[in-house]
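Please read them alongside the sequence and the coordinates.

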Amino acid sequence: MRRTRRALAVAVTAALAAVAATGCGGGSTDAGSNDEPDKLTYWASNQGTSIENDEEVLKPVLDAFTEETGIEVDLEVIPWDSLLDRILTATASGEGPDVLNIGNTWSASLQATGALLQFDEETFARIGGADRFVPSALAATGAEGQDPAAVPLYSLAYALYYNKQMFADAGIETPPTTWEELVEDGQRLTGGDTYGLAVEGASIPENTHHAFVFGQQHGADFFDAEGNATFDTPEAAEAIKQYIDFLAADGIVAPGNAEYAQNQSLADFAGGKAAMLLWQAAGTALEHQGMDPDAYGIAPVPFQADPPEGGRQVNSMVAGINLAVFQNTDNLDGALDFVTYLTSDEVQVELNGAYGSIPPVLAAQDAPEFATEERAVLRQTLADSAAPLPQVPAEDQFETLVGTAMADLFADAASGNEVTLDSVRQRLHEAQQQVTG
Amino acid sequence: MTTTATGNVPPPAGAGEAGGTGGTGKSGPGARRSARRRPRLPGRLGRGALPYLFLLPALVLELLIHLTPMVVGVVMSFRELTRLYIHNWGEAPWSGLDNYRVAVDFDGPLGESLLHSFLVTCLFTVVSVGLSWLLGTAAAVLMQDRFRGRGLLRALFLTPYALPVYAAVITWAFVLQRDNGMLNHIVHDQLGLTDQPPFWLIGDNAFFSLVVISVWRNWPFAFLILTAALQNIPREVYEAAQIDGAGVWQQIRRITLPSVRPVNQVLVLVLFLWTFNDFNVPYLLFGKAAPDSADLISVHIYDSSFGTWNFGYGSAMSVLLLLFLLLVTAVYLVFTSRGRRAEDG
């Protein structure tokens, strides 16, 4: 009996050791193959008003690809709050899709994992060449000096959406072009239950995007030339305080916005509770909320009236979605055919038209779908005054740590605690200290 | 064991060795008959290995589903598993105890925030488990006697436990919203109890929101278990106590609580482990930016791992959490079994 037990113990230990040893291998570094040329798995991000809406938009496009090439595409639309976790899990396990959507701000971080196919000159030639894409969108596909880890699929930029009726009622004729004007207008528009501006105070990505723009305008980069985090510089504190002050000091944002993270600010704007909103291509979402497109106007995001030294003329991040290929795909040729297809002029017009975004493919931008007032503002911003978020491997930490610090600052302000330059700097200092790796 | 069975049906494992009439002693006619009925496994090996054979599928699945990830997690905690290595983490450099050092360096920012999260979780667990147990016990005792509508009330009490956690917590999040939530509508708009509508999902109040939702979800479980346990106490014991002049409190203290003590010991342990490890409720309620006052450790570890892609450090924190829970469980079991032995003795 004892011998049996010992034998069992040995067997269990051996099995565990074997599993642990093989498990430790993680994802493989195998180059792609063409072992399964007839099918592809595609993870799409949620660009439409719902997952079902995305499936409706994408299905005919994917069916046409299958008809053309004979390759079956297995589509999964993944919500934003779990997309990055799913990608990281796929990266670690090696069991991922062949082609996938990534937020363009993650490009350099995901590039550093080595899991994504690099688009070198030859690969670009295979999909029609790098010069087909808008340069600013192409700049957000990986670290500078390296081959891109993805290609742009949908481009977005921030704009200022304003309620025309509320502006007219307050006697404001033109939308603000500087933050000082925005505060002044906002205060005139604030009264009773309505406020000048709506923000997503508890949303980490929204906070980070605004931190970047205000940072650029104050000369704060959040990373040095070597890619090391510099979150707690005086310029960064000034930049973030200016944004938090909309709620903390200027009183143009409702205190309740500090707990918004589920697009409630969009609903507040559509419902007439707030007169202004800073958002990326909000048109489709506002229509979904039941807001008449004639009820709102669109203007570029404001700049500083008196730019501080080192400040740059940037009023939006280059927002957007990139298309990447997992390096260990079993259908490399099919995956590249699929990328070629999704970035072709016709499909670009169709998909960007449906999602309210701007095609990052130059030739597709001339289509009449993109001649609306909203698209004109977004295109102009992307062409003239948008910059990509820092394309450094540690960008993910900027998003997490600075975005969270700002959510905490909004919570402080909404709870009635004073937000000073020192308290902002302290929060940023704590964020800086948590940078790892 | 009687020997009326026919054919090749094997006896239940172990039953043969239990002896009794016609058992499988080494001599006698019963032994011979019993040996004929055994399946054709070689004698000693068959007897010894059979239980293990039956357990094998469960064992294999247990290893695959529970133990393997734990072992892999422990291995990960000794490596520098950052974004640079997650794709091929066999190549991640070994970092010895570095991840653990960072986690327990309470003067450093990461250790300090982990300690804060640990203390918040301890306080949350004590309050939540205490209240859940108290409510569950009170309701079970009050509903021990038959009365009209008892079945309906029982079903109603169990509803929170039966609801899917996602739907339940999202509903709570709506209720607790500052501007449009039902709670503030009552507290502030209708009753006028506060000057300003308070926040329930950010700031210090978030802790209380979390406790309320946790108790709301867990107390029906305590109620369910204790209701079952109370049904095993014979009515006669209470009747005898009443005849001897014992009041309600004395009956509860001297009869009810001692009778359900073994059940309570397991119940409190299970509630403690569930509450301490709870991920769903805080994550669904606060997302990735939990307020400091409600920074529970499971979400804290998740944020540290997935937020900054530092899975080695995340694993080290998980291992520390595992060790802590094992220690608490072991101490608790030793303590309670000693108490029980003393009582039995």
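**Notes on the complex of chains A and B**

1. In residues 118-143 of chain B, the end C-alpha atoms are 37 Å apart, and the span is 96% helix and 0% strand.

2. The make-up of chain B as a whole is 14 helices and 0 strands. Read from the N terminus, the order of its elements is therefore α-α-α-α-α-α-α-α-α-α-α-α-α-α. Among the 345 residues of chain B, 30% count as buried. Of the contacts in chain B with a separation of 6 or more, 61% are between residues 24 or more positions apart.

3. Which parts of chain B have the lowest and the highest mean pLDDT among its elements? The lowest value, 48, belongs to helix α1 (residues 29-37) of chain B, and the highest, 96, to helix α8 (residues 205-230) of chain B. In residues 1-35 of chain B the pLDDT is below 50, although this stretch has 32 contacts in the model beyond near neighbours in sequence. Where pLDDT is low, the predicted coordinates should not be read in detail. For chain B overall, the mean pLDDT is 85, with 85% of residues at 70 or more. For the complex, the predictor reports an ipTM of 0.81 and a pTM of 0.82.

4. Chain A is divided by the domain assignment into domain 1 (39-156 + 319-387) and domain 2 (158-317 + 390-433). The centres of these two domains of chain A, taken over C-alpha atoms, are 27 Å apart. Their contact involves 24 residues from domain 1 of chain A and 23 residues from domain 2 of chain A. On the domain 1 side, two or more residues each come from α4 (107-113), α15 (373-384) and β11 (386-387) of chain A. The largest share of that side, 5 residues, is given by α15(A). By class, the domain 1 side holds 12 nonpolar, 9 polar and 3 charged residues.

5. The largest nonpolar core has 178 residues, of which A:Y161, A:I240, A:I244, A:L277 and A:F410 touch the most other members. The element that gives the most to this core is α16(A), with 11 residues. Why does the core lie between the two domains of chain A? Domain 1 and domain 2 of chain A both give residues to the core, so it lies between them. Beyond its neighbours within four places in sequence, A:I240 is in contact with A:A211, A:F214, A:M406, A:V424 and A:L428. Another core, apart from the largest one, has 12 residues, including B:V129, B:A140, B:V215 and B:L271.

6. How many residues does each chain give to the contact between chain A and chain B? Chain A gives 43 residues and chain B gives 36 residues. On the chain A side, the elements that give two or more residues are α1 (2-23), α3 (80-93), α4, α16 (395-414) and α17 (421-433) of chain A. The residues of that side are 20 nonpolar, 19 polar and 4 charged.

Conventions:
Residues are numbered from 1 along each chain as its sequence is written. Chains are lettered from A and ligands numbered from 1 in the order in which they are written. This is a predicted model: local features need pLDDT of at least 70, side-chain atom pairs count only at pLDDT 80 or more; totals for chains, interfaces and linings use all residues. Domain bounds come from an automatic or database domain assignment. Two residues are in contact if their C-beta atoms, placed from the backbone, lie within 7 Å. Helices (H or I, at least four residues) and strands (E, at least two) are DSSP runs, numbered from the N terminus. Ala, Val, Leu, Ile, Met, Phe, Trp, Tyr, Cys and Pro count as nonpolar, Asp, Glu, Lys and Arg as charged, and the others, Gly among them, as polar. pLDDT is the predictor's confidence in each residue, from 0 to 100. A residue is buried if 20 or more other C-beta atoms lie within 10 Å of its own, exposed if 12 or fewer, and partly exposed in between; C-beta atoms are placed from the backbone. A nonpolar core is a set of buried Ala, Val, Leu, Ile, Met, Phe, Trp, Tyr and Cys residues joined through C-beta atoms within 7 Å.
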